[in-house]
Amino acid sequence: MKNQYRYLLGLAVATIFFGIINPVQAATLFRTTLNSRLVPNVESSATGNAKFTLNDAEDTLEYEIEIMGGIANLGDENSGNKVTKVHLHVIEGDEFRNGQIFDDGKHVFNVLTPDDNDLQIIQGDGKVTFKGMWDANDFVPENPGLLDNRKLTTQLGNLFAGNLFVNIHTANNPSSEIRGIIKQVPEYNGSLGLLIAGCTYLLWNQKKLNKTEN
């Protein structure tokens with residue numbers, strides 16, 4: 001019986017220690033899968049993935065957008081499959097309904113800005129990848145309208161609420177070929193793994209004690 005009390009006490013202490021001293025940290029990672037399901041009247045075999053990482057100061061959002069399939073090119077201007085624009089849009093009002101986005105929404109960030117010095121474009125192996133960051137240097141106050149690069153700090157609420165989406169435009173589908181709504185992904189530190197390992201050890205040790213007592 002004493003051993004059982006020791007086991008329960010140890011389990012409680014481990015739970016409290018790892019839960020309070022090393023709590024699960026707030027998420028800074030966001031992801032989406034790109035396809036044509038969100039695009040009304042478009043069926044495309046193209047797909048993609050996008051990852052976004054928000055820094056601790058919440059003033060820089062690093063992105064990596066990968067496109068695969070027939071549209072994974074930035075080549076010939078006459079190609080209908082050519083990617084022409086890559087934007088982040090905000091979903092407003094009832095634009096998202098019946099599992100689709102029925103309006104392009106307002107642009108909040110233009111990935112393919114010609115003068116964006118941090119943009120990297122990597123092509124090959126049937127895919128194209130865009131890497132860069134959205135920060136204060138991308139804000140263009142002198143160009144009001146739908147094509148603005150908005151301040152990241154003004155869009156954090158939409159980012160965490162899942163109201164931003166990636167929009168890939170092509171020559172064949174100038175409004176949109178594939179899209180993906182950006183969702184927050186929880187990031188865990190190592191404390192959860194340590195907690196599980198500790199509980200597993202305690203359970204194993206308790207079984208040994210039970211066998212010894214029996």
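User: What does contact mean here, and which residues does glutamate 177 touch beyond four places in sequence?
Analyst: Contact means heavy atoms within 4.5 Å. The model is a predicted one. Glutamate 177 is found in the loop between β10 and β11. Leaving out residues up to four places away in sequence, glutamate 177 touches Asn35, Ser36, Val39, Val42, Ser44, Ile71, Ile168 and Thr170.

User: Which side chains make polar contacts with the side chain of glutamate 177, and which side chain of opposite charge is nearest?
Analyst: The side chain of glutamate 177 has a polar contact of 2.8 Å with that of asparagine 173. Another polar contact, of 2.7 Å, joins glutamate 177 to the side chain of threonine 170. Glutamate 177 is buried and has no salt bridge. At 11 Å, the nearest side chain of opposite charge is arginine 179.

User: Which residue of β11 is the bridge partner of valine 166?
Analyst: Strand β10 (residues 164-170) and β11 run antiparallel and are joined by four bridges. On one side of β11 (residues 178-181), Ile178 and Gly180 are buried, and on the other Arg179 and Ile181 are buried too. The partner of valine 166 in β11 is glycine 180.

User: How many residues has the largest nonpolar core?
Analyst: Phe52, Ile65 and Ile168 have the most contacts inside this core. Elements that each supply at least two of its residues include β2 (47-54), β3 (61-68) and β10. Another core, with Leu38, Ile101, Phe165 and Ile181 among its five residues, lies apart from it. The largest nonpolar core has 31 residues.

How values were computed:
Residues numbered from 1 in each chain as written. Predicted model: local features only at pLDDT ≥ 70, side-chain atom pairs only at ≥ 80, totals over all residues. Heavy atoms only, no water. Buried < 20%, exposed > 50% of the residue type's maximum accessible area, 1.4 Å probe, protein only. Pairing = 2+ DSSP bridges. Lys, Arg positive; Asp, Glu negative; His and termini not counted. Salt bridge = Lys/Arg side-chain N within 4 Å of Asp/Glu carboxyl O. Polar contact = N/O pair within 3.5 Å; in protein donor to acceptor, adjacent residues only side chain to side chain. Core = buried A, V, L, I, M, F, W, Y, C linked by side-chain atoms within 4.5 Å.
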